[in-house]
Each structure stands twice: as structure tokens, then as C-alpha cells.
Amino acid sequence: LEAFLSSQAVSFFVALFFWLIGFLIGLNLTSTKLFGWLTIISIASYYGAFLLVQAIPFNFALAPLLGTCIAISGIAPGYFFPCFADRFPAVRHFFFHENNGFILGTLVALIGATFAGRTLLMYAPLLGVIPLLQFYYERGSSR
């Protein structure tokens, strides 16, 4: 949104608002067998919004549809916490890995946005989901 709709702070906070709605929905899902599907749907939703703002740039009439895509993409990250909580021996191990992944992702995104811009937006979500799904299925997706 920052690149193709508006670079105003308002667009960032609107996107954050919708993402947090999706995140809260994901936190409240009870089944632990949805992570693979939710992750794929989340990535598809991201690319749907990405293609839409590229096809019709700087059109605020797209905001409701983009907000829906953003909310859908936030469900899997919210679902991550209840889904993965029982896969670690202690909560501190879980948050250690989650926090380090967040910091690494932030650094990679900062460097990638600086040097790769549009390429990062196109390929990073696909590349990032591969180790996540691999970890999910290695740790026992049937728990």
C-alpha cells in the first residue's frame, strides 16, 4: 500500500488496523490443523492485494477490498501462537524463536527494501513461507 496506494501514515495505520483484525481472528481459532491452509490463503491474499494495487494504482476506492485482503493475511500470523504453543517444551523457547524470527525478518526486510524494493515485495512472501511450512510439518502438524 505504501508503494502503490499512498505513502501517507494513514495508509500504514489503516493497513495495520485490518491486519490486527485478522490477527485477532487467528488468535481465537481453536483447531490446530489449519496452519498450512491458512498460510497458503494468507500468501494468496497478499498477492491478490499486491496485484490489485499494481493494476489500479493510487485508487482509494479499492480500500475495502484491500482491507479485506489484509485482514485475511493477518489470520495465519495470529493463528501461529495457539498452533505452535504446544510444540515447544517451554513458553520461553517458543517466544525466543518467535522474537528472533521477528528481528531477523525486520532486518532482512529493511535491507531488502533498501536494495531490492519491488523484487522484495514480489518474492519475499513466497520464500519466507517455505521454511515456516517446513518447520510446521517437521514439528508434527497433527498435534
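**Rings and the pocket**

In this predicted model, ring pairs link Trp19, Phe23, Phe35, Tyr79, Phe80, Phe81, Phe84, Phe88, Phe94 and Phe95 into a cluster.

Q: Why is the pair of phenylalanine 35 and phenylalanine 80 called tilted?
A: The centres are 6.4 Å apart, and the cut-off for a pair is 6.5 Å. The planes stand at 55 degrees; under 30 degrees would be stacked and over 60 edge-to-face, so the pair is tilted. Phenylalanine 35 belongs to helix 2 and phenylalanine 80 to helix 3, 45 residues apart.

Q: What makes the pair of phenylalanine 35 and phenylalanine 84 edge-to-face?
A: The angle between the planes is 80 degrees, with 5.0 Å from centre to centre. Edge-to-face requires over 60 degrees, therefore the label applies. This pair too links distant parts of the chain, with phenylalanine 84 in helix 3 and phenylalanine 35 in helix 2, 49 residues apart.

Q: Why are phenylalanine 35 and phenylalanine 84 called buried?
A: Buried means under 20% relative accessible area. Phenylalanine 35 has 1% and phenylalanine 84 has 0%, so both are buried.

Q: How do you know that the charged end of arginine 87 sits over the ring of phenylalanine 84?
A: The distance to the ring centre is 5.2 Å, where the limit is within 6 Å. The position must also be within 35 degrees of the ring normal, and arginine 87 is listed as sitting over the ring.

Q: What lines the largest pocket, by class?
A: The lining has 38 nonpolar, 10 polar and two charged residues.

Key
Residues numbered from 1 in each chain as written. Predicted model: local features only at pLDDT ≥ 70, side-chain atom pairs only at ≥ 80, totals over all residues. Heavy atoms only, no water. Nonpolar A, V, L, I, M, F, W, Y, C, P; charged D, E, K, R; others polar. Phe/Tyr/Trp six-rings, centres within 6.5 Å; stacked < 30°, edge-to-face > 60°. Helix = DSSP H or I, 4+ residues; strand = E, 2+ residues; numbered from the N terminus. Buried < 20%, exposed > 50% of the residue type's maximum accessible area, 1.4 Å probe, protein only.
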